[in-house]
Amino acid sequence: MNTAALFCMAALGTYYFLRKREEKIKALICKAAATSLPLFLLIWNFETAIDAGPLPYWCTAAGIVFYMAADVLLECRFIPGAVCFAAGHVSMAAGFAAGVRKEILSGIREFPGVSGHAGAAAWTAALSLLFIGAAYAALHRYFPYLKKKKVLTPAAGYITVLSIMAALAVTDGVQKGMLSGNWNAWIPAAGGICFVISDILLGQNRFGKRRSRKKGAAVLILYYLSVYLFSMRLWF
């Protein structure tokens with residue numbers, strides 16, 4: 001079922017990518033439908049996924065719903081779509097934070113160098129700064145344009161929210177033993193990193209002088225992969 005859902009996401013996403021200009025409404029439906037499949041997997045794997053904790057489960061489900069709404073809004077009005085994506089990131093971040101806390105209280109792992117909640121906070125803060133720095137390095141050339149449009153502050157806020165969410169995803173992976181050879185623990189971390197790269201490429205493609213279809217395809221692939229991984233982490 002997991003593999004079938006991934007193939008369906010690829011098919012729906014490809015239809016959107018190829019037909020978004022000619023058949024906008026159908027393409028947008030396919031775009032949102034592709035994002036909905038990880039939510040379907042959460043429901044399909046409910047008994048296993050809920051074992052990760054009610055808060056991680058429901059926050060992840062809510063985050064995917066926000067992403068689905070943002071898929072459509074982003075194509076109609078960019079700012080409301082970005083706000084909806086930010087809401088999804090906040091929901092995902094809450095789910096990751098709840099999962100990390102549960103694992104710490106269960107005594108599953110300790111962070112390298114610092115243990116417990118202090119370790120989680122230190123890793124999350126450091127990783128957030130790392131992601132923010134990467135986004136700044138890739139996108140700062142567009143800041144004058146964003147400032148002129150009076151959206152620089154909201155854009156900076158979005159980058160911060162995205163970076164914190166991705167940092168918590170990696171922290172969740174570390175807490176689950178990512179650095180100790182547990183390959184399943186890489187699932188949330190990979191999802192967070194994919195989302196950051198996807199949004200950086202999206203920003204470059206949207207605010208650059210020329211739009212690249214290759215970058216557009218990469219944005220879509222990384223985005224769908226990240227949402228799929230965020231969902232899958234709950235039953236692996």
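This briefing walks through salt bridges and a surface patch in the structure above. Keep in mind that the model is predicted. Side chains of opposite charge can pair when their charged atoms come close.

**A pairing around D172**
- D172 meets K176 in a salt bridge, with 3.2 Å from N to O.
- R233 also forms a salt bridge with D172, and the closest N and O atoms of this pair are 3.8 Å apart.
- This second pair links distant parts of the chain: D172 sits in helix α8 (residues 152–175), while R233 lies in the segment after α10 (213–232), 61 residues apart.
- Buried or exposed, what are R233 and D172? Both R233 and D172 are buried.
- D172 has a relative accessibility of 2%, so it counts as buried.
- K176, in contrast, is partly exposed, at a relative accessible area of 22%.

**A network with R19, E23 and K26**
- Salt bridges link R19, E23 and K26 in a network.
- K26 counts as exposed because its relative accessibility is 51%, and the cut-off for exposed is over 50%.
- E23 is partly exposed, with a relative accessible area of 24%.

**A nonpolar patch on the surface**
- Which residues form a nonpolar patch on the surface? They are M1, F40 and W44, with about 340 Å² of accessible area together.
- M1 is found in the segment before α1 (2–19).
- M1 has a relative accessible area of 45%, so this residue is partly exposed.

Note on methods. Residues are numbered from 1 along each chain as its sequence is written. This is a predicted model: local features need pLDDT of at least 70, side-chain atom pairs count only at pLDDT 80 or more; totals for chains, interfaces and linings use all residues. Side-chain values use heavy atoms; hydrogens and water are left out. Patches are made of residues with over 30% relative accessible area and no salt bridge: like charges are joined within 9 Å, nonpolar side chains (Val, Leu, Ile, Met, Phe, Trp, Tyr) within 5 Å. Accessible areas come from the Shrake-Rupley method with a 1.4 Å probe; for residues, only the protein chains shown count as cover. A salt bridge is a side-chain nitrogen of Lys or Arg within 4 Å of a carboxyl oxygen of Asp or Glu. Helices (H or I, at least four residues) and strands (E, at least two) are DSSP runs, numbered from the N terminus. Buried means under 20% relative accessible area, exposed over 50%, partly exposed in between (1.4 Å probe, protein chains only).
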